[in-house]
Amino acid sequence: MASSVPPSPHEHLAGPVRLRAEYDPAPSRWLWLVKWLLAIPHYLVLAFLWTAFFLVTVVAFVNILITARYPRALFDFNVGVLRWTWRVEYYSYGVLGTDRYPPFSLHDVPDYPAHLEIDRPERLSRGLVLVKWWLLVLPQLAVLFLIMGAYRFNGGLTGLLAVYAGVVLLFRGRYPRDMYDLNVGLHRWGARVVAYGTLLTDVYPPFRLDQGEREPVADEPLP
């Protein structure tokens, strides 16, 4: 996967859910003011995609319960919806991290500055599928609600960080790096929780805020 953020040879050890981004220190000073309008076509498409995501998750639930497997086509579709959503959030008021318009695609776009990958497990627990989406995920949702204000990514603190970054951009022409790292870290935590709660993995999300463009790898110290 081409990216200006070189992947570590041990990056797969970071976990099955990997969210990456590429920091742009100086996006447009003013474009963020109209991104709510520019992103409307994506919002409309995502409304349909998330409806399909829910239905696919129900079908996957039944299939996991019977076969302990998440069908590849269904898995790839749902990961694609999460990936598309992350690109739109990164462009718009989830992060305001880039001025490059998001592609209309479920697939990874190597030269776009926002990426999401989730490893498909060979088998999933039949027992966990009964409880992880409504019971086991609750502590994670409680923490995310406290620090982000909403289950979806671009509510609460992440939205406030993005808007504040936009104001700083307007007057100073630069995106504060510490604010960017924190915001991407919050989205990364949210992506792990969503992946677990929607049955895409059995690996419980860590209670850990991994800030910055990519998550730490196994042979690197945590920040």
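A residue is called buried when its relative accessible area is under 20%, exposed when over 50%, and partly exposed in between (1.4 Å probe, protein chains only). This tour visits a predicted model, in which local features need pLDDT of at least 70, side-chain atom pairs count only at pLDDT 80 or more, and totals for chains, interfaces and linings use all residues. Residues are numbered from 1 along each chain as its sequence is written, and side-chain values use heavy atoms, with hydrogens and water left out.

First, colour the chain by pLDDT, the predictor's confidence in each residue, from 0 to 100. The protein chain averages 89, and 88% of the residues score at least 70. Select residues 1-12, where pLDDT stays under 50.

Next, select residues 177-197, which form helix α7; helices are DSSP runs (H or I, at least four residues), numbered from the N terminus. Of the 21 residues of α7, 18 are buried, so the helix is largely enclosed by the rest of the structure. Leucine 199, with a positive phi near 75°, follows α7.

Now select helix α2 (residues 40-67) together with α3, which spans residues 72-91. Their axes (lines fitted to C-alpha atoms over the stretch in contact, with angles from 0 to 180 degrees between N-to-C directions) lie 10 Å apart at an angle of about 150°. The two helices are therefore roughly antiparallel, a term for angles over 145 degrees. Residues making the contact (heavy atoms within 4.5 Å) include Trp50 of α2 and Phe77 of α3.

Finally, select arginine 83 in α3. Arginine 83 is buried, with a relative accessible area of 7%, and among the residues it touches are His107, Asp108 and Glu117.

Notes. Expected span 1.5 Å × (residues − 1). Parallel < 35°, antiparallel > 145°, perpendicular 65-115°, else oblique. Lists of a residue's contacts leave out its neighbours within four places in sequence.
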